[in-house]
Amino acid sequence: MRCFLAVDLPDSLAAGVAAVQDRLSDADGLRFTDPESAHVTLKFLGEVSPDRVGAVEDAVESAVEAAGVGPFDASVDGLGVFPSLDYIRVVWLGVDDGGAELTRLHEAIERETTALGFDPEDHEFTPHVTLARMDDARGKDLVRRVVGGESPTVGSFRVREVRLKKSDLGPDGPEYETVARVSL
């Protein structure tokens, strides 16, 4: 199974995510994510065999304990891109309040999962919700204008758990399924 660890946004924020995507809808070359599946990825694991799910779940439980993070509020606001405005691959919404807690969770999860043999991240962690991926640069100027000129607020939510998610790539994009949940 192709898996990752994430914090899901509640359904109540999907309309806000979609509204921000609408501001970018005229940018050619963007492939938008499903607002109903919006999440903050804490760690991409890649291929995980079903017999390792228990070990991953145990590692996340240890990470949550080590991070010392209980349930907390997070706010989704602001826009950004990876890797830079000169070469845009991903357009994202930021996480302001709750960003420090998400970073602590990520760091603890990173330690526990690399101890299990998963590849370490090769970039700095930035808590974010992916809005779109840029397949080509035709819409780059519009994306730059929107990202540089707007700081939308989507809303806040309570983070209560980390989820192990399975991703199945289909013709209409990825479909996500929760495999396991670890409470904070």
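Analyst: Helices and strands here are DSSP runs, a strand being a run of E with at least two residues, numbered from the N terminus. E161 is found in such a run, strand β8, and the model itself is a predicted one.

User: Why is E161 called buried?

Analyst: Buried means under 20% relative accessible area. E161 has 17% relative accessibility, and therefore counts as buried.

User: What makes the link between the side chains of E161 and R181 a polar contact?

Analyst: The cut-off for a pair of N or O atoms is 3.5 Å, with one atom able to donate a hydrogen and the other to accept it. The side chains of E161 and R181 are joined at 2.9 Å, so the pair falls within that limit. A polar contact of 2.5 Å also joins the side chains of E161 and R163. Leaving out residues up to four places away in sequence, E161 touches A6, V7, R181, V182, S183 and L184.

User: Why is R31 called partly exposed?

Analyst: The partly exposed class lies between the buried limit of 20% and the exposed limit of 50%. R31, whose place is in strand β2, has 45% relative accessibility and therefore counts as partly exposed. The side chain of R31 makes a polar contact of 2.9 Å with the side chain of D135, and R31 also touches L131, A132 and R133, when residues up to four places away in sequence are not counted.

User: What makes a set of residues a nonpolar core, and which residues have the most contacts inside the largest one?

Analyst: Such a core is a set of buried residues of the kinds Ala, Val, Leu, Ile, Met, Phe, Trp, Tyr and Cys, joined through side-chain atoms within 4.5 Å. The largest nonpolar core has 53 residues, and those with the most contacts inside it are L9, V91, L93, L105, V143 and V162. The largest share of this core, six residues, comes from helix α2 (residues 53-67). Beyond its neighbours within four places in sequence, V91 is in contact with residues including L24, L30, V81, L131, V143 and V147.

User: How do you know which residues line the largest pocket?

Analyst: A lining residue has an atom within 4 Å of a point of the pocket. For the largest pocket, with a volume of about 1500 Å³, the lining consists of 45 residues, of which H39, T41, T130, R133 and Y176 lie nearest its centre. By class, this lining has 17 nonpolar, eleven polar and 17 charged residues, and its largest share, six residues, comes from β3.

Methods
Residues are numbered from 1 along each chain as its sequence is written. This is a predicted model: local features need pLDDT of at least 70, side-chain atom pairs count only at pLDDT 80 or more; totals for chains, interfaces and linings use all residues. Side-chain values use heavy atoms; hydrogens and water are left out. On a 1 Å grid over the protein atoms alone, a cavity is a set of points where a 1.4 Å probe fits but cannot get out, and a pocket is an open set with protein on both sides within 12 Å along at least five of seven lines; lining residues have an atom within 4 Å of a point. Grid points are joined across faces, edges and corners, and a volume is the space filled by probe spheres set on the points. Helices (H or I, at least four residues) and strands (E, at least two) are DSSP runs, numbered from the N terminus. Ala, Val, Leu, Ile, Met, Phe, Trp, Tyr, Cys and Pro count as nonpolar, Asp, Glu, Lys and Arg as charged, and the others, Gly among them, as polar. Buried means under 20% relative accessible area, exposed over 50%, partly exposed in between (1.4 Å probe, protein chains only). Contact means heavy atoms within 4.5 Å.
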